[in-house]
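Biologist: Hello! Could you walk me through the pockets of this model, please?

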Amino acid sequence: MSGGPLQGIRVVECAGYLSAPTACYMLGDLGAEIIKIEDREKGDPSRGTSAVFGSSMTLPNGENILFETANRNKKSITLDLKKEKGKQLLYELVSKADIFCTNFTQAAIAKLKIDFETLKKYNPKLIYGLATGYGLAGPESSRRAFDSVAQARSGIMYALGGEPDAPPAQIGGPVFDQMTGTLLVYGILAAFVARDRQGIGQQVEVSLLGSGIHLQAYNLNTALLRGRQIPRPSRRSLKNPMANHFECADGEWLLLSEPQADRFWPAFCAALGIQHLEKDERYSDAARRRENFRELLAIIEGVFKTKAREEWMRILDAKGEGIAYSPVLRPTDLANDVQALQNGYIAEIDHPSLGKIKMVGSPVNFSATPVTVDGFAPCFGQNTEEVLIDVCGYDWDKIQQLKDEEVI
């Protein structure tokens, strides 16, 4: 566990798959103690997920990438919440916690009696974090939802695809689950401030749909306010040559993203060796370049294909006068990206069965209470006895009795 800003805060997680577990691993990264309750027979369902979006989720040691990602820095205990003693044990843990987090359906929450109204009887100042699919209100509030469902419903699939007439496209991987977990942390920490200042506990709810809409605030406000969406950014229709991506001689791509087109046009021409076009009347200012963008795009594409990407990056650094650009990286490239590594966005972890590995780190850095991403997901039920002894004060006889009664 890290000694981060949430050290001393205890979280009880009763959740599966990704959104709420994501929130809890983020709280764990910040130093909170996370007690993950898993069904004593089935466990978190993500442990058994073999593939997502067609990609295998199984690691060489048999562990699951989804589970590893969403459950680092946690303690796993097994518990049968269908038994009365299981419920009472959960209530006891909640009474000793600061935060409870779930993403079970409302039907399951009611059946298991782990709703906010029930749990706050055992802890009036409890922060209850809830991740849903569609939100708590409305005619579809009880529907099941997953990441791809939220992608479809939020409108983002019509923002992807690269060409105006292309079919809707999905993002490969559960990015909306990650966003939902992130926003749940945002809400939980705000509620924590309210508890500190006003002495109140409360329920905090976020949804996959709401998170997907929030993620697109600028795009969706544009559509809401003018009645049509921002066009999908086809390379062939982008009229600013310094806001496009280009293939280089080695087949790698380089993105330019410079909105101050007239300011950087002379330096851009110098870097690309096309000074003869700088004052060409067809391209001399942004308006004329927009009028003649197709011809200019063809010229610039040809120039970029004369050198490898690394060479173009050196040239832009030397002659571009600060023009904004980036290599277009593949996800696998990030393992060796110095910028991401030195900021801790990609973290190196010494895993007990996989050895030294790299995983996504923390995007937030603190000057006084630094985050240390050095944990890994627990084995099934790994910490059951530890939690019952350290948190609840149980002795071994009582623990054995719970095992004999198949409560844990």
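Modeller: Happy to! First, a term we will need: helices, of at least four residues, and strands, of at least two, are DSSP runs numbered from the N terminus. Please keep in mind that this is a predicted model.

Biologist: Which elements each supply at least two residues of the lining of the second largest pocket?

Modeller: That pocket has a volume of about 1,100 Å³. Its lining counts 30 residues, and Ile65, Thr69, Pro331, Met359 and Val360 lie nearest its centre. The elements you ask for are helix H1 (19-29), helix H2 (65-70), helix H7 (175-198) and strand E13 (355-360).

Biologist: Nice! In E13, which residue is the bridge partner of Ile346?

Modeller: Strand E12 (residues 346-351) pairs with E13 in the antiparallel sense, over 6 bridges. A hairpin of 3 residues joins the two strands. Within this pairing, the partner of Ile346 is Val360.

Biologist: And which element gives the most to the lining of the largest pocket?

Modeller: The largest pocket has a volume of about 1,200 Å³. Among its 45 lining residues, Gly16, Tyr17, Pro45, Asn103 and Phe104 are the closest to the centre. Two or more residues come from each of E2 (33-39), E3 (51-52), H4 (106-112), E7 (127-132) and H6 (147-154). With 5 residues, the top contributor is H4.

Biologist: How many residues in the lining of the second largest pocket are nonpolar?

Modeller: Let me set the two linings side by side. In the largest pocket, the lining divides into 21 nonpolar, 12 polar and 12 charged residues. In the second largest pocket, 3 are charged, 7 are polar and the nonpolar ones number 20.

Key
Residues are numbered from 1 along each chain as its sequence is written. This is a predicted model: local features need pLDDT of at least 70, side-chain atom pairs count only at pLDDT 80 or more; totals for chains, interfaces and linings use all residues. Side-chain values use heavy atoms; hydrogens and water are left out. On a 1 Å grid over the protein atoms alone, a cavity is a set of points where a 1.4 Å probe fits but cannot get out, and a pocket is an open set with protein on both sides within 12 Å along at least five of seven lines; lining residues have an atom within 4 Å of a point. Grid points are joined across faces, edges and corners, and a volume is the space filled by probe spheres set on the points. Ala, Val, Leu, Ile, Met, Phe, Trp, Tyr, Cys and Pro count as nonpolar, Asp, Glu, Lys and Arg as charged, and the others, Gly among them, as polar. Two strands pair if DSSP finds at least two bridges between them.
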